[in-house]
Amino acid sequence: MNISIITVGKLKEKYLKQGIEEYLKRLSAYAKVEVIEVADEKAPEELSELEMVQVKQKEGERILAKISQDTYVIALAIQGKLASSEELADSLDKLATYGKSKIAFVIGGSLGLSSEVIKRSNEQLSFSRMTFPHQLMRLILVEQIYRAFRINRGEPYHK
């Protein structure tokens, strides 16, 4: 299975980088996982509704340029479907079973994802109704993907 995590912006925090690197190392036993960063759109703190849409569109174009036609896309979105770790594991297992070997998880920038990215996605997944910093979401996501593989293999993992 080839998993891409497409995310907006550069990760600066050392502690997050270290955590992500650790889980990527662990995941290498189960799947090929890569993190693809696309540039965030520079914008002032105060934005009008139109400016917010424009920022998300520009970031969305960069995201979509990294997704091939045969990729199954899971967009992380607050309004998406809530799932337990076991349900995520089951979803990944079913995708592999039905020949979906290229999967992309998409994490938007600080303003979220463009409507074009949401339309391109095959499903939207929410980790919580709470808002998390998109940089922290990377760490949470790689940990949950790792946990999913452990669950699917019946291997022990801390609860």
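Helices (H or I, at least four residues) and strands (E, at least two) here are DSSP runs, numbered from the N terminus. This is a predicted model, in which local features need pLDDT of at least 70, side-chain atom pairs count only at pLDDT 80 or more, and totals for chains, interfaces and linings use all residues. Residues are numbered from 1 along each chain as its sequence is written, and side-chain values use heavy atoms, with hydrogens and water left out.

**View A. Gly-112 sits in the loop between β4 and α4 (115-120).** With 28% relative accessibility, Gly-112 counts as partly exposed (buried means under 20% relative accessible area, exposed over 50%, partly exposed in between, with a 1.4 Å probe and protein chains only). Look across to Leu-141, 29 residues away along the chain: the C-alpha atoms of Gly-112 and Leu-141 are separated by 16 Å.

**View B. The largest pocket has a volume of about 500 Å³.** Gly-112 turns up again here: among the 24 lining residues, the closest to the pocket centre are Leu-76, Ala-77, Ile-78, Gly-109 and Gly-112. The elements giving two or more residues to this lining are β3 (72-82), β5 (123-126) and α5 (134-152), and β3 has the largest share, with 4 residues. By class, the lining holds 13 nonpolar, 10 polar and 1 charged residues. (For the classes, Ala, Val, Leu, Ile, Met, Phe, Trp, Tyr, Cys and Pro count as nonpolar, Asp, Glu, Lys and Arg as charged, and the others, Gly among them, as polar.) A pocket is an open set of points on a 1 Å grid over the protein atoms alone, where a 1.4 Å probe fits, with protein on both sides within 12 Å along at least five of seven lines; lining residues have an atom within 4 Å of a point. The volume is the space filled by probe spheres set on the points, which are joined across faces, edges and corners.

**View C. The second largest pocket holds about 280 Å³ of space.** Its lining has 13 residues, and Asp-40, Glu-41, Ala-43, Ser-110 and Leu-111 lie nearest the centre. Sorted by class, that lining comes to 5 nonpolar, 3 polar and 5 charged residues.

**View D. Strand β1 (residues 2-8) runs parallel to β2 (residues 32-38), joined by 7 bridges.** Strands pair if DSSP finds at least two bridges between them. Ile-5 stands opposite Val-35 in β2.

**View E. Strand β4 is largely enclosed by the rest of the structure, because 5 of its 6 residues are buried.** β1 and β4 run parallel, with 6 bridges, and Ser-4 faces Ala-104 in β4. β3 pairs with β4 over 4 bridges, also in the parallel sense, and here Ile-74 stands opposite Phe-105. The chain gets from β3 to β4 through α3, and this β-α-β crossover is right-handed. Val-106, also in β4, is buried, at 0% relative accessibility.

**View F. Phe-105 and Ile-145 touch the most other members of the 29-residue largest nonpolar core.** Such a core is a set of buried Ala, Val, Leu, Ile, Met, Phe, Trp, Tyr and Cys residues joined through side-chain atoms within 4.5 Å. At least two residues each come from β1, α1, β3, α3 (85-97), β4 (102-107) and α5. The top contributor is α5, with 7 residues.

Definitions and conventions:
Right-handed = clockwise from strand over helix to strand, strands pointing away.
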